[in-house]
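Student: I want to learn how to read a fold from its coordinates. Where do we begin?

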Amino acid sequence: ASRLDAIFAKTREGLEPLLKAVLAKKRDAPDVDALPPALAFDHPGWKGSVEKQAELSKKVAADLGFDFTKGRFDVSTHPFTGGACPTDVRITTRYSDGNWLEGFAGTVHEVGHALYEQGRAGDAVGDGLPVSKALSMGTHESQSLLWERMVLQSKAFWEYAAPLFHEAFPHTKEASPEDFYRAINRVQPGLIRVEADELSYPFHVFLRYDVERALFAGELDVATIPQQWNAYMKERLDVDVPDDASGVLQDIHWSFGAVGYFPSYTLGAIMAAQIFAAAEDALPDLSDQIRRGEFAPLREWLRTEIHEVGSTYASPDDLLRAVTGD
């Protein structure tokens, strides 16, 4: 916990003034990052689009490299990745005709998890050995967040993906790749962690970590968690929490005992940035490959450097040193 405290203190130090500055800018100029009409969540073109969203998400999942002969793709209330072994990997996401980004971004995130699972050494040589075990949940999240944050949210990705949206949803043809890129990188603090933008997301993690720390230290009663939660959301993100379902009860983690998991999301994001920088050094043409929808070079580099080594390194620190040289 002391290591996490130090990492999070440094992270908060950099992010808090940045978030305040961005929110102040948005208050002064509300239209500074307004969505173009075609991409607005309330555009009538999105109504009844869930099935098409699912079809497009499955196509992109296949393009990224998810092997449908060794897994399946379904819908659930809360997106997750599971399965018994590298030859049986199951991912889910959720779709909404009121938020076209939710299902698509969730798909890319979960595919990142799935590629790690399908890339593990699950044959007779590696099965049951450290080489076939994920190193940590932070490492696992680094793989999902690398594909979500470093690939999906890049300009290059939308050179590939915008035409797919134009074909599936004709009303988006007036939206350029730049429009899509700006849309998916908007800072828009909200209630729900899994829908949070890249800048406000860590604050959802900090909240949950602070609650867990206080509970285990005997400094917080369970009955008062909603009160602390709601106050934090208002103070840090300027968001009013209408009910516990949209607040303290929104995640599945605590309900099945996954206390202490939430920090892995921010640790994973930090790792993802470092790993992707190493991938760019190793693959000089990476941006152009993403632009062309050629994801195999990155996927195979990750398979060699991350997936297939499993837990052969003693810690994520050792893995990062090996991969990045730092």
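Tutor: With a definition. A nonpolar core is a set of buried Ala, Val, Leu, Ile, Met, Phe, Trp, Tyr and Cys residues joined through side-chain atoms within 4.5 Å. Buried means under 20% relative accessible area, exposed means over 50%, and partly exposed is in between (1.4 Å probe, protein chains only).

Student: Before we apply that, what kind of model is this, and which pLDDT limits hold?

Tutor: This is a predicted model: local features need pLDDT of at least 70, side-chain atom pairs count only at pLDDT 80 or more, and totals for chains, interfaces and linings use all residues. Residues are numbered from 1 along each chain as its sequence is written, and side-chain values use heavy atoms, with hydrogens and water left out.

Student: Now the core. How many residues has the largest nonpolar core, and which have the most contacts inside it?

Tutor: The largest nonpolar core has 60 residues. W147, F157, W158 and L298 have the most contacts inside it. Another core, of 29 residues, lies apart from it, and includes L15, L23, L207 and F262.

Student: What is W158 in contact with?

Tutor: Contact means heavy atoms within 4.5 Å. Leaving aside neighbours within four places in sequence, W158 is in contact with W100, F104, L152, P163, F165, P177, F180, Y181 and I184.

Student: How does the radius of gyration of the protein compare with that of a compact globule?

Tutor: The radius is taken over C-alpha atoms, and the globule rule is 2.2 Å times the number of residues to the power 0.38. For 326 residues, a compact globule would have a radius of gyration near 20 Å; the protein has 20 Å, which agrees. Its C-alpha trace spans about 55 × 55 × 35 Å along the principal axes. Of the 326 residues, 49% count as buried.

Student: What about surface and contact range?

Tutor: Accessible areas come from the Shrake-Rupley method with a 1.4 Å probe; for residues, only the protein chains shown count as cover. The protein exposes about 15,200 Å², and carbon and sulfur atoms supply 53% of it. Take contacts between residues at least 6 apart in sequence: 66% of them join residues at least 24 apart.

Student: How many helices and strands does the protein have?

Tutor: Helices (H or I, at least four residues) and strands (E, at least two) are DSSP runs, numbered from the N terminus. The protein has 12 helices and 3 strands.

Student: How do I read the sheet?

Tutor: Strands of a sheet pair through backbone hydrogen bonds, either parallel or antiparallel. Two strands pair if DSSP finds at least two bridges between them. Here an open sheet of 3 strands has the order 1-3-2, with mixed pairing. Strand 1 (71–75) and strand 2 (80–85) are the edge strands, and each pairs on one side only. Neighbouring strands are turned by 15° against each other on average, direction ignored.

Student: Which sense does each pairing have, parallel or antiparallel?

Tutor: Strand 1 and strand 3 (residues 88–93) pair in the parallel sense over 5 bridges. G71 has V89 as its bridge partner in strand 3, and V75 has T93. Strand 2 and strand 3 run antiparallel, joined by 5 bridges. They form a hairpin with 2 residues between them. In this pairing, G82 has R90 as its bridge partner, and F80 stands opposite T92.

Student: Which helix lies across the strands?

Tutor: Axes are lines fitted to C-alpha atoms, for helices over the stretch in contact, and angles run from 0 to 180 degrees between N-to-C directions. Helix 3 (residues 100–119) lies across strand 1, strand 2 and strand 3, running at about 165° to strand 3. H109 is found in helix 3. H109 touches E141, S144, L145 and E148, not counting residues up to four places away in sequence.

Student: Is H109 buried or exposed?

Tutor: H109 has a relative accessible area of 12%, so it is buried. A279, in helix 9 (residues 263–282), is buried with 0%. Leaving aside neighbours within four places in sequence, A279 is in contact with L286, L298 and W301.

Student: Where is D238, and what is its phi?

Tutor: D238 is in the loop between helix 8 (225–237) and helix 9. Its phi is near 55°, a positive value in a residue other than glycine. D238 is partly exposed, with a relative accessible area of 45%.
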